[in-house]
Amino acid sequence: MTDQELDFETAVFDKEYIELGGRREAIVRGGRHLFDRLPAAFAGVNQIGVIGWGPQGSAQAQNLRDSLNGAIKVSVGLRAGSSSFAKARAAGFSEDDGTLGEMFDVIAASDLVILLISDAAQTELAEQVFAALRPGTTLGLSHGFLLGYLTDAGGQFPAEIDVIGVCPKGMGASVRALYVQGAEVNGAGINASFAVHQDVTGHATDRALGWAVGLGAPYTFQTTLHSEYLSDLSGERGILLGGVHGIVESLYRRFRDQGLSADDAFRHSTEAVTGPISRIISKDGLIGLYQQLDAEGQATFARAYSASYPPALELTHEIYDEVRSGNEIRSVVLAGHRLGRFPMGKIDQSTMWQVGVRVRAERADHEIPLDPFTAGVFCGVLMAQVDVLLEHGHPYSEIANESVIEAVDSLNPYMHARGVAYMVDNCSTTARLGSRKWAPRFDYLLTQQAYPEVDDPTQTLDGPFKEFEAHLIHDVLRVCAEMRPSVDIFVE
């Protein structure tokens, strides 16, 4: 079955079909009114083990515990001696009632094991994890990295277990924060994709959907684990993290060279992207952003878009090829071996990011400019990622979430509140490494290729933009926006 032909059957939830760009996709809408169906979705599951207490582990464990409300035990498993035991206890998990324990003990006792340790740890401990799983149990992943690693290494999952994926389209802090908001607004949460890689028990689909609904996903769409890791790794190296980081650093220098003050250069670059540009795209889509500009602004947008799209398309193809070939996975694994000796440093130490601390402290949102040049560059890079994923046949819902919705509804709001370092460094180690590796490439290509073309009066620069207004992603985002919760994420 190809990604375009995906479909599923569920005995517990209400499946519906949506039309996205001429394709039909099946989804399940979430909401707290469905929590009483979770025991049926998890039929045969007496304990769910959430392994790890990183951003995703802590968020998912708490969300599932709160959604199940005691109907099924949710137990957190950690490495012996981990400093995260204290954090898990503070969140209400305890050795005394069996909701907290050593990770392999929890794995052995659980019927659904949600493995949320770092990607490097998953590759290191995979065989031990597989050995601890009982036949007939279900292994859950929130990222397809382990599948990519096994494929590259010639390994495979144990044949006698289910393997499913539920992948929230946002960082762990967003998964928890929007779930908490859902107590006031039913349906608030982070969208999720789900995949069934192996179904030994016959219950894999309903268990995956129950997991997604229990996390608070407003809607859950289907993908494959293979498709998910290709789009996810490529996306976080692209517009979600590496791309946006490279964009704003290149724009800041450009605006400074044009004579703007340091504060105004930051406002026209970073603040514009994470503030008005992201907010408008979130509600009205890319075309809505363009339509809010006046005639002069639209002309500036079109020129910046047309200059930025080609180098971004080339680079995003390179990123996708590096992920698909296994090179990027091997790079992450090798980096994991070096981190003990060479830990990742902070990425906000340059003058630009120190200016950003001051600008955020003095911010008045109504004073942040909707800069049309910045908007054109951002959308040009974003659309390049959309087109690469389209070319490789990913589901439209996955493309929209991995390229647009996750950026504007989850990651960028945290960058707006706390800075790029917070946004990047509260994601997974894999994402952090990818951003650090690829952001300089986006910066370089925009600075060396796109901006000189914009400044050359002999360049017409209208080719790429001719495809923009009629692009199918606008209809896809319009449909997705109809399923968007009525709240914006809060950042404490």
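Asp-475 is partly exposed, with a relative accessible area of 27%; here buried means under 20% relative accessible area, exposed over 50%, and partly exposed in between, with a 1.4 Å probe and protein chains only. The model is predicted, so local features need pLDDT of at least 70 and side-chain atom pairs count only at pLDDT 80 or more, while totals for chains, interfaces and linings use all residues. Residues are numbered from 1 along each chain as its sequence is written, and side-chain values use heavy atoms, with hydrogens and water left out.

Asp-475 forms a salt bridge with Arg-478, the closest N and O atoms being 2.5 Å apart; a salt bridge is a side-chain nitrogen of Lys or Arg within 4 Å of a carboxyl oxygen of Asp or Glu. Both residues lie in helix H19, three residues apart, about one turn of the helix. Helices (H or I, at least four residues) and strands (E, at least two) are DSSP runs, numbered from the N terminus. An α-helix has 3.6 residues a turn, so residues three or four places apart point the same way. Arg-478 is also partly exposed, at 45%.

The structure also contains an open sheet of 10 strands with mixed pairing, in the order E1-E2-E10-E9-E8-E7-E6-E3-E4-E5. Two strands pair if DSSP finds at least two bridges between them. The edge strands, E1 (15-20) and E5 (100-102), each pair on one side only. Within the sheet, strands E8 (residues 162-168) and E9 (residues 192-198) pair in the antiparallel sense over six bridges, and Gln-198 in E9 is the bridge partner of Val-163.

A further salt bridge joins the side chains of Lys-169 and Glu-228 (3.8 Å, N to O). Lys-169 lies in the loop between E8 and helix H7 (172-181) and Glu-228 in helix H9, so the pair ties together parts that are 59 residues apart in sequence. Lys-169 is buried, with a relative accessible area of 3%, and Glu-228 is buried as well, at 1%.

Helix H9 (residues 225-237) is mostly covered, as 12 of its 13 residues are buried. The expected span of a helix is 1.5 Å times one less than its number of residues. For H9 this gives 18 Å, which agrees with the 18 Å between its end C-alpha atoms.

Finally, Ile-72 is found in the loop between helix H2 (55-68) and strand E4 (73-78). Ile-72 counts as buried, at 8% relative accessibility.
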